[in-house]
Amino acid sequence: MIKYIPVSLVLICGFIFGGIMFKSVTPPRCESLMQNDTIFVLTGDERRIPYALKKLEDLQYGNLYIIGAGAENITEREHVRVETKSKSTYQNALAIKHIVEQNHLNRIVIITTEDHMNRSLYLLRDVLPETDIIPCPASLTGMPTPARVKRWGLEYIKYIVTLFGIRES
């Protein structure tokens, strides 16, 4: 008969179970987009911007904002704007909030990689509680499994830190 369960075992099991839940609640695919949607893509992974540009092509009246560090070499063109000052996911959320308020948007589409989506949505919903935020995750398919697991693990840890109120993680 087990008299007690070591605290470290409980914490490890809780962490693993939480990680499984973290991945399972991630939106699996992009929801339906409207012809006049405004898309915000967060920089940081080479998959995101091409995916966002492809989604923009499907929209008749849509606009795309490329948000964050790493977008310095991208040139603006019709329906594409670039913001390069924000350096973290939280700063991205604040930059998006500014654009949403300035343009009186009530619905936006967020594109980031699937591993980064949960934390991005959490931060955006915190700063834009009245805005309808549509997730549109870019897939990590084609990435080797160890690299994918490492990315998911890192994002899960950042998500936990964010839940504790540390925004600049």
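1. Helices (H or I, at least four residues) are DSSP runs, numbered from the N terminus. I16 lies in one of these, helix α1.

2. The model is predicted: local features need pLDDT of at least 70, side-chain atom pairs count only at pLDDT 80 or more, and totals for chains, interfaces and linings use all residues. Residues are numbered from 1 along each chain as its sequence is written, and side-chain values use heavy atoms, with hydrogens and water left out.

3. Helix α4 (residues 114-127) and helix α5 (residues 145-163) have axes that come within 8 Å and cross at roughly 10°. Axes are lines fitted to C-alpha atoms, for helices over the stretch in contact, and angles run from 0 to 180 degrees between N-to-C directions. α4 is therefore roughly parallel to α5 (angles under 35 degrees). The contact (heavy atoms within 4.5 Å) involves residues including H116 and Y122 of α4 and W152 and Y159 of α5. Its residues divide into five nonpolar, three polar and six charged (Asp, Glu, Lys and Arg count as charged; Ala, Val, Leu, Ile, Met, Phe, Trp, Tyr, Cys and Pro as nonpolar; the others, Gly among them, as polar).

4. α1 and α5 pack at about 100°, with axes 10 Å apart. That angle makes α1 roughly perpendicular to α5 (65 to 115 degrees). On the α1 side, G14, F15, G18, G19, F22 and K23 take part, meeting W152, E155, Y156, I157, Y159 and I160 in α5. By class, this contact has seven nonpolar, three polar and two charged residues.

Terms used: Helix = DSSP H or I, 4+ residues; strand = E, 2+ residues; numbered from the N terminus. Parallel < 35°, antiparallel > 145°, perpendicular 65-115°, else oblique.
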